[in-house]
Amino acid sequence: MNSRNDTIAGPAPRRTHRGHRFRRLAGTGLIAALAATAATTLAAALARAGGVDFEIPAGGEAIPLPGFAVVTSFFSIVGVVIAAALLRWAARPAERFRWTAVSLTAISLVPPFLSGADTATVAALLGLHLVAASVMIPTLARSLRAGTG
């Protein structure tokens, strides 16, 4: 009878380990999202102080600093969700995440060119995309590697 209890108790640590990996990834991801948001907003403020107006001709208004924070936070959380999905379903989640995140970052660099904004604004927007990516991608990939190793 004891052997039956031992067999039933076997899968529980696996579930606990999976939950632990997910919680660690989510915690790391949320901290990285806060760091990326702060870094991007600070970089946007510095660019604005340096003379970049962040005016987009289609709307005729400048992008406000809180706008950078909101968009960076949103897409950073999307990155955490993608990383969590890959942790759950991919055989090599860190590698898959890097490829996915770098591809999505490359795609995100297209809209600034299509915005019709001046050269300084386009260059600043490109830089801001890369600032957020340079915080989020390595942090989440490292966390995924730790979660599977």
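Below, each label is set against its definition.

Me: What kind of model is this, and how are residues numbered?

Reply: This is a predicted model, in which local features need pLDDT of at least 70 and side-chain atom pairs count only at pLDDT 80 or more, while totals for chains, interfaces and linings use all residues. Residues are numbered from 1 along each chain as its sequence is written, and side-chain values use heavy atoms, with hydrogens and water left out.

Me: How many helices and strands are there, and what makes a run count as one?

Reply: The protein has six helices and two strands. Both are DSSP runs, numbered from the N terminus: a helix (H or I) needs at least four residues, a strand (E) at least two. Along the sequence the pattern reads α-α-β-β-α-α-α-α.

Me: How do you know that H3 has about the span expected of a helix?

Reply: The expected span is 1.5 Å times one less than the number of residues. H3 has 25 residues, and the expected value is 36 Å. From first C-alpha to last, H3 reaches 37 Å, which is close to that.

Me: Why is Pro 93 called buried?

Reply: Buried means under 20% relative accessible area, exposed means over 50%, and partly exposed lies in between (1.4 Å probe, protein chains only). Pro 93 has 3%, so Pro 93 is buried. Pro 93 sits in helix H4, which covers residues 93-108. Its C-alpha is 9.8 Å from that of Ile 82, 11 residues away along the chain.

Me: What share of the protein is buried?

Reply: Of the 149 residues, 33% count as buried. In H3, the buried residues include Phe 68, Gly 79 and Ala 83.

Me: What makes a group of residues a nonpolar core?

Reply: The members must be buried Ala, Val, Leu, Ile, Met, Phe, Trp, Tyr or Cys residues, joined through side-chain atoms within 4.5 Å. The largest such core here has 19 residues. Leu 25, Phe 97 and Leu 140 are among those with the most contacts inside it. Helices H2 (12-49), H3 (65-89), H4 and H6 (119-148) each supply at least two residues of this core. H6 gives the most, with seven residues. Another core lies apart from it, with 12 residues, among them Ala 47, Phe 68, Val 122 and Ala 124. In soluble globular proteins, nonpolar side chains tend to be buried together.

Me: What does Phe 97 have contact with, and what counts as contact?

Reply: Contact means heavy atoms within 4.5 Å. Leaving aside neighbours within four places in sequence, Phe 97 is in contact with residues including Gly 79, Ala 83, Ile 137 and Leu 144.

Me: Which residues does Ala 32 contact, and is Ala 32 buried or exposed?

Reply: Ala 32, in helix H2, has a relative accessible area of 5%, so Ala 32 is buried. Beyond neighbours within four places in sequence, Ala 32 is in contact with Val 135, Met 136 and Thr 139. The C-alpha atoms of Ala 32 and Leu 140 are 8.0 Å apart, although 108 residues separate them along the chain.

Me: Why is Ser 143 called buried, and what does Ser 143 touch?

Reply: The relative accessible area of Ser 143 is 10%, so the residue counts as buried. Ser 143 lies in helix H6. Not counting residues up to four places away in sequence, Ser 143 touches Arg 24, Leu 25 and Thr 28.

Me: What makes the pair Glu 95 and Arg 92 a salt bridge?

Reply: A salt bridge needs a side-chain nitrogen of Lys or Arg within 4 Å of a carboxyl oxygen of Asp or Glu. The N to O distance between Glu 95 and Arg 92 is 3.1 Å, and the pair forms a salt bridge. The structure holds one salt bridge. Glu 95, at 29% relative accessible area, is partly exposed. Arg 92, at 45%, is also partly exposed.

Me: What is noted about the phi of Phe 54?

Reply: Phi of Phe 54 is near 55°, a positive value in a residue other than glycine. Most residues other than glycine have a negative phi. Phe 54 lies in the loop between H2 and strand E1 (55-56). Its relative accessibility is 0%, so Phe 54 counts as buried.
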